[in-house]
Each structure stands twice: as structure tokens, then as C-alpha cells.
Amino acid sequence: MYTQEMLDSIRKVEATRQERLGHEPRRMTESEKNELLYKYHPDYRQDNFSVLKIGPNKGDKVPDELADLLQGNSRIKDEEIDLSKVDYDVDVLVIGGGGAGASAAIEAHEGGANVMIVTKLRIGDANTMMAEGGIQAADKENDSPAIHYLDALGGGHYANKPELLYKLVTEAPSAIKWLNDLGVMFDKAPDGTMITTHGGGTSRKRMHAAKDYSGAEIMRVLRDEVINRGIPVIDFTSAVELILDDEGKAAGAVLMNMETKEYMVARAKTVIIATGGAGRLHYQGFPTSNHYGATADGLILGYRAGAKLLYADTLQYHPTGAAYPEQIFGALVTEKVRSLGAMLVNVNGEAFMHPLETRDVSAASIIRECDDRKKGVSTPSGSGVWLDTPMIEIIHGEGTIEKRIPGMLRMYSKYGIDIRKVPILVYPTLHYQNGGLEINAECLTTVENLYAAGEVAGGIHGRNRLMGNSLLDVIVFGRNAGKNAAKRCKEVKLGRLTLDHVSRFSKEMEAAGIKSSCISPKLLPIYTRRHDK
Ligand code: MEZ
């Protein structure tokens, strides 16, 4: 499957392997990291960002593609929607059917609320399902939430909102217990203790996993729990605009049937946005590891209704996206591969960084190696560096790859590549939105009765998230959002429903001279070629 040039380079990787096994490159200093990020990380390429002209974050910069959507046109004209005709009337409306949405719905249901999930695809069609390597929690004797906090704070460049990070790490052990009790089959030693590994930037082994399909396993169990509880799930139906009441509080959403395009009105005392990330916007032309539905919809819904964003200018490019073969270009190669000892090496077989630097530093380092130093290996779509997977079985013994990362073994074996015997080519892929809707420790956004949880929320991870803290955040903040929204709805007296904010936003656009042909939220990516349209 590999080209002759690739095979020649593999010989060099093999020639340096023994020597590299005992000698990891040193970790970078803070100033080396900062210089590297500034020069090579895509977040610092200023010409790919626009300054917002209107809305709660007027004056802030966000990626161009996101700016177009945030300052785009609504799908509806408010006069088209008859708000007196209510199709769904609930206490808690959860928008999004991934890990955060499902966790929120379960806890809202547990809190006695009449809760409904609406999702534009099916429940479980989400980034949670795609997460591979694991979920962090400091639940071992040599670890503590305080150490977890410090790791995530350093990884996030000290920009994490302290009260959110505190919640994340202190509630992590109970999140794992909750999942385990629900039936998630975590990897365990024969004595029943959880097997844990390192991730980039972790000082303790606290990554709990279900092989390399941790997210799929967690989502399987959450979905079953939603179904078992009889929580209604309206699938293939997207929220296209939030509804507020006449006091500006969240009061529901306008829904659209994805097939018939028919609009419906959902009235709710509290609303939870759990729509996930934005990888399918392909910022700066990057491929993505994200689910098909990751189009930043929640940011658009929230922003138009007046919710503030935090750190919407910072994205995570997962260092190890598949760079070859083309059929899996951009697909996630779990960080667990590096956790298990595989090193990143260049075309000459040289290790150019410590294998467990944080993701932003690792991605920038790979970009420097390929684009600047020209020490990448040519691929049909550019270049990549080697992830030296055969090291794993040299370190941990034969059979480790099949046991610990069977998904990776399978993904590559389809293309004739046996990762136990030969290394694989990787390059950064758009993986995660570090920022999002600003929330407080109760998961409340800056709009009353509007909650957010999961990847759509910003602030927990600062400006760079560590591996395994996303599966954790969907559970911790999903559960909190559900509990708080259920509690809150007991006190809510809904006023008159309105869509005035939608027309107000479009007047603001006009006044700012914004002429947009963009309709948002986007809902689904478009991959048709121009001549196919
Ligand atoms: O947290 C993640 O993004 C994750 C677990 C990804 C991975 O590399 O497997």
C-alpha cells in the first residue's frame, strides 16, 4: 500500500528505532513552546480570522467561516412562524443527541422534569461517538483532582475558567462511577481495577478507556439509558432558532424537520444547547476527525439570542490525523497510540519532539517539521510524519495493539497496512472547538434559562484541551445542565413567546452594512463539487 518513497523512509525509521527506544527527546520549555505555537499553530494565522461587527462579541475575532455563520441570515422570517401553535410543550428542551445532551436529559428526567431531546440526525450521531482514547479522572491513589486541575490549567495556557475547571476535575471520579454503574465496559485488570494510561500533558496515568472506542461505548450506554427511561427523542429534526419570552428568557426553539423542511414550535421552560463542535466547517481547509453534524449550530442559535461566546478563536488540531491513505484522510488516530509509546519521527527516522507534549504543541511541531523544515513524507494531499506504531509491541509485548487499540489495527488493515509491523503517516486534523458559549458553574449561558453543555460550551479547557477531558466534560457538565435546568423549570413562569431577537439581529446586520448570502445555522456540511450542484 505504501509508495516506494514511503518504503525507503520506513527503512530509515526502522534503522533508528532501537536507539530511540531508550532516548525520548526532552520536553520543550515554556518559551520554546510559545515560540513554536506563535509561528506554526493555525490559531495564530491572523489572516484566517475576522472581527465580529455585531452581537455580544462585537470586536472579537473568530475564524472566517464562523464569522460568516454568526453574521449570517436566519432560515426563518419571524412572521412565517405561528408561535401560538405549539407542537411540543416541555419543561426542559435538550438540543443535541450526543453525550452531553443524553447526560443532560437523563439527569433532567431524574429530577422529575418533562424533558425532550431534539436532534438533527439520530441520538448518538455525535462527536462523543467518535472519541477513541479515553476519559480522564483522578481516581487512583497516586493522583488527585488538584493534580488533574494543574495539568489541565497548564495545558489550557492558564486561561481555563477556574470554577469550571474545578467542577470538571472534582466531579470526574463520580462521573466515572456513574458511567461504570450504568454499564460502560471500561478496561479493567483481572482484579477489577481500572487500567489507566497517560495522555499528552498529563502527569499521572488517569485515562480510563474502553479499548480505542471509549466514546462509542459511553454513547451506547447513555443512549440505552435515554431509551429505557422513555425520554422522547425527536430525531432528524433540527433547532433553527431559539424562542425567547417577552422578558428575553429562553423559552423554546423553532424546529425544522430535516426531510420535509416543515417548521414546528417547541415551548420549554428551560433550554439546554448541547449541539457539539464545528469540525465540519473545515477551518483553514483542514480535514476533520469530527462527526458529520459538527457545524457550530449551537453557537449560532445562542449568539443570535444574545449569548456571549468565550475563546471562539481557539481550535484544537489533533496532531495525529491520518495523512495516508487518502480514503481515511483526516480520520482520528487516537492519542492513545502515543500514550502506548509510539514516537513521532520524520522522513529520516529522527524523533523531533517528546511524544507526549500537549496537542497544540504537538500539532505545531508536526506542521513545522513538514511545512518549514521539509522533513515530512510526501502524500497525495501534502505530507505527514511517521507515528512509529511497531514500538508499542516492542515496549508492551506482542498482542498489545490488538488488545488496546483494535480500532486502529482494523482501520489500517482495510488498506493493507499492518500497524504492528509498519509505522503510519499522520498530520494534524481539525478535532475540537476549545471555546464556545460562555457558561457559569451551573452551565447557564448569559441568557436566562438557556444552558449549554459539552463541546458547544467554552471556558472549561482554556485555550487548549487535554486528551480525555472532553468525554469527561460532556458527562460532568451534561449532568449538571440537566439537574440545574430541571430544578430551575419549577420556578419558571413563561411569558409571551417571541422571535423579536431574530429580526433585531437582522436589523443590526443591516445597520452594520453586513450583506450576507449565508444562511445559518448550517445544519449539514456540503461536499458536492460546484459542477454537481
Ligand atoms: O479527548 C479526545 O479528544 C480523545 C480521547 C481523542 C483521542 O485521541 O482518542
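**The ligand and its surroundings**

Tutor: Start with Thr334. An N or O atom in its side chain is 2.6 Å from an oxygen atom of the ligand. Keep in mind that this is a predicted model. Arg465 also reaches the ligand through its side chain. There, an N or O atom is 2.8 Å from a ligand oxygen. Gly468 takes part with its backbone instead. One of its backbone N or O atoms lies 2.8 Å from an oxygen atom of the ligand. The protein covers 98% of the ligand's accessible area, which is 270 Å² for the ligand on its own.

Now look at the whole shell. Glu132, Gly133 and Gly134 are among the residues around the ligand.

Next, the open space. The largest pocket has a volume of about 460 Å³. Its lining is made up of 20 residues. Nearest its centre are Leu281, Lys522, Leu524, Pro525 and Ile526. Helix H3, residues 64-70, gives the most to this lining, with three residues. Sort the lining of the largest pocket by class and you find eleven nonpolar, two polar and seven charged residues.

The structure holds two cavities of 30 Å³ or more. The second largest cavity has about 40 Å³ of space. Its lining includes Leu66, Tyr283, Leu299, Tyr311 and Ala312. Thr314, Leu315, Gln433 and Gly435 also line the second largest cavity. That lining has six nonpolar and three polar residues, with no charged ones.

Last, the backbone. A cis peptide bond joins Tyr324 and Pro325, with omega about 0°. Find Pro325 in the loop between strand S13 (315-322) and helix H11 (336-339). Another cis peptide bond runs from Ser520 to Pro521, where omega is near 5°. Pro521 sits in the segment after helix H17 (500-511). Look for Phe236 in the loop between strand S8 (233-234) and strand S9 (237-245).

Terms used
Residues are numbered from 1 along each chain as its sequence is written. This is a predicted model: local features need pLDDT of at least 70, side-chain atom pairs count only at pLDDT 80 or more; totals for chains, interfaces and linings use all residues. Side-chain values use heavy atoms; hydrogens and water are left out. On a 1 Å grid over the protein atoms alone, a cavity is a set of points where a 1.4 Å probe fits but cannot get out, and a pocket is an open set with protein on both sides within 12 Å along at least five of seven lines; lining residues have an atom within 4 Å of a point. Grid points are joined across faces, edges and corners, and a volume is the space filled by probe spheres set on the points. Helices (H or I, at least four residues) and strands (E, at least two) are DSSP runs, numbered from the N terminus. Ala, Val, Leu, Ile, Met, Phe, Trp, Tyr, Cys and Pro count as nonpolar, Asp, Glu, Lys and Arg as charged, and the others, Gly among them, as polar. A residue is near a molecule or strand if one of its heavy atoms lies within 4 Å of it. A polar contact is a pair of N or O atoms within 3.5 Å; within protein, one must be able to donate a hydrogen and the other to accept it, and residues adjacent in sequence count only if both atoms are side-chain atoms. Accessible areas come from the Shrake-Rupley method with a 1.4 Å probe; for residues, only the protein chains shown count as cover.
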